[in-house]
Amino acid sequence: MHNIIPAIAITAIHGAVSVTAQACAAGTAQQIGGNWYCSEVKAITYSNFPGTGSYNKVTNMDANTGQCTSEKQAYRGSLAPMSEELSMHFRGPTFLKQLAVYYPQSDTKVKRSDHVHAHAHRHGQQHVHHPKRDHVPGRRAVGDMVVATIDGQVVSWANEYAGPGASPNTAAAQPIPEPQTTLATSFGSPSQVPSTTSTPNSPDSVNPLPHADSSGDGSGQWARQAYFNAEAGSSNGFTFLNHFGGTPGKPGTADGGPAFGASLSYASPDGRSAAASPQTLGNKLIDDDVEIIVLSDKTCEGDSCGYTRPGGVAYHGFGGDSKLFMMEFSMPRSGKTGFNGDMPAIWLLNAQIPLTSQYGTNPKCSCWTSGCGEFDLFEVLDTGNFRCKSTLHMAPAGGSSDYFRRPDTSTIKAAVLFHGANQAAHIKILDNGQNFDESLAADVVEAVTQEGSHRGQSSVFSSLRTSYHIFYKQPSSQNFVYADLININVTTTSAARKALLLKLRCQ
């Protein structure tokens, strides 16, 4: 997987990828294995989610040909598309001790998204995903929509430039709007650029969360939807799965061959093989390159999950704008090398991905490449590294070049909060005394959003040295067309944007 740095510009230019690193605190920047690292932190916040956009939703999988069909699926919402049903993924070497999912008290049921389906990537492989850009010669027409990154802010406006020699009066009289944080998605829909804020690693930045007050009236509380405890050997509300579909005598399928890959199957307690029925994950280490997928215990009936792979094991994920994942885990060093050796990871996927084709060779059988959503929470990107990175893969993608310390010698407790009211997603290391109670008071959950006594380092496209990523949208097309890449110092004003527009020409 490729780490995508915040406060950066990532652009595909005729097949090449240009990446400009953010400015780390003095003396902290390091590049290891092609990935940038700044400082160790205890919390990372993602905001400015796209809100609107679309992706390719798988609608049929033909096992005889290995081909799939899809349709454009639009989404809308403050945290979309991560508000859709999600699956949890754990790759070893990881020791998962506790896992819980919470919802606001008034909404304590498995969230079932209106939109569902698709695929992902084998973690450990470098990759970058970017908006679709078809290079088309010619000039931008009056009225075409222009999208650019100016002073670190992605903005859009209607073109007023009719070309050389044209009188300004020949251009359509359309006002240039004030700055908007927008970017072209894979299908040409405007969307915001996710930004990240990280909280420095300091004793004051780790605030113990208060325990839930069971004497309360339930107002504002969050109820536990599902809970797993490895030491007790108990699980409620979860289903543990892996990718061993097609194992003789076990549920799941391998029909479709490499194009689809193996479907989901019930995981054995150690995760190394398929089981005949749901099993509880064992109280032991998940080995290197072994992946456990966790969904709810609600089966997909009819089309309740949208399209799912025929013959595969299918359960609902966890959806909704407001949801909280809490986990206790460690990532001990194994010393192993090779593919995904000593490279543990924890991440979330749009549940459509594992329910169709997560590791197939046909990208059309997955919504992953079109941006339906992946959220890397704690991922070691190269063998034996002690740094865990976080990245958000969607349209557009983003992430933090700060990192969490890998918990290799003891367990840590962490919270992942999707906070619809705040329009943000938070990852935070918790105090080890935090309990995974049956209900959590509102102040417990709200504390996850707090950065501590030190303000977090901003990583929100803030450099005055700007890479201008220029696309324009033709009225007759759903695609944004690549035009220019220019480096220039300006201020973010309507006049400056207008002056820049008058200089731009399609290549």
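Which helix is Glu446 found in? A few notes on that and other features follow.

1. **What kind of model this is.** This is a predicted model, in which local features need pLDDT of at least 70 and side-chain atom pairs count only at pLDDT 80 or more, while totals for chains, interfaces and linings use all residues. Residues are numbered from 1 along each chain as its sequence is written, and side-chain values use heavy atoms, with hydrogens and water left out.

2. **Glu446.** To take up the opening question, Glu446 is found in helix α1, which covers residues 442-447. Helices (H or I, at least four residues) and strands (E, at least two) are DSSP runs, numbered from the N terminus. Glu446 counts as partly exposed, at 34% relative accessibility. On this scale, buried means under 20% relative accessible area, exposed means over 50%, and partly exposed is in between (1.4 Å probe, protein chains only).

3. **The partners of Glu446.** Leaving aside residues up to four places away in sequence, Glu446 touches His419 and Asn422; a contact here means heavy atoms within 4.5 Å. The side chains of Glu446 and His419 make a polar contact at 3.3 Å. A polar contact is a pair of N or O atoms within 3.5 Å; within protein, one must be able to donate a hydrogen and the other to accept it, and residues adjacent in sequence count only if both atoms are side-chain atoms. Glu446 and His419 are 27 residues apart in sequence, with 9.0 Å from C-alpha to C-alpha.

4. **The overall picture.** The protein has two helices and 31 strands. It has 507 residues, of which 56% count as buried. Among contacts between residues at least 6 apart in sequence, 74% join residues at least 24 apart. The accessible surface comes to about 19,100 Å², and 49% of that belongs to carbon and sulfur atoms. Accessible areas come from the Shrake-Rupley method with a 1.4 Å probe; for residues, only the protein chains shown count as cover.

5. **A disulfide across the sequence.** A search of the whole structure finds three disulfides, each a pair of cysteine sulfur atoms within 2.5 Å. One of them joins Cys68 to Cys365, with 2.0 Å from S to S. Why does this pair tie together parts that are 297 residues apart in sequence? Cys68 lies in strand β7 (residues 67-76), whereas Cys365 lies in the loop between β22 (345-350) and β23 (374-379), so the link spans that separation. The link of Cys68 and Cys365 is right-handed, with 100° about the S-S bond, and both cysteines are buried.

6. **The other two disulfides.** Cys300 is joined to Cys305 with an S to S distance of 1.9 Å. This link of Cys300 and Cys305 is left-handed, at -80° about the S-S bond, and both residues are buried. A disulfide also joins Cys367 to Cys372, at 2.1 Å from S to S. The torsion about the S-S bond of Cys367 and Cys372 is about 65°, so that disulfide is right-handed. Cys367 is buried, with a relative accessible area of 0%, and Cys372 counts as buried at 0% relative accessibility. As for Cys388, it counts as buried at 1% relative accessibility.

7. **Aromatic pairs.** The structure holds 13 aromatic pairs. Rings of Phe, Tyr and Trp (its six-membered ring) pair if their centres lie within 6.5 Å; planes under 30 degrees apart count as stacked, over 60 as edge-to-face and the rest as tilted. Tyr37 and Tyr403 form an edge-to-face pair, with 6.1 Å centre to centre and 80° between the planes. This pair links distant parts of the chain: Tyr37 is in strand β4 (residues 35-37) and Tyr403 in strand β25 (residues 398-405), 366 residues apart. Both tyrosines are buried. The ring centres of Phe238 and Phe240 are 6.3 Å apart and their planes are at 55°, so this pair is tilted. Phe238 counts as buried at 8% relative accessibility, and Phe240 is buried with a relative accessible area of 2%.

8. **A cluster, and charges over rings.** Phe238 and Phe240 also belong to one aromatic cluster with Tyr46, Phe228, Phe318, Phe325, Phe375 and Phe418. Lys323 lies over the face of Phe418, at 4.8 Å from the ring centre. The charged end of Arg387 sits over the ring of Tyr403, 5.6 Å from its centre. A charge sits over a ring if NZ of Lys or CZ of Arg is within 6 Å of the ring centre and within 35 degrees of the ring normal.
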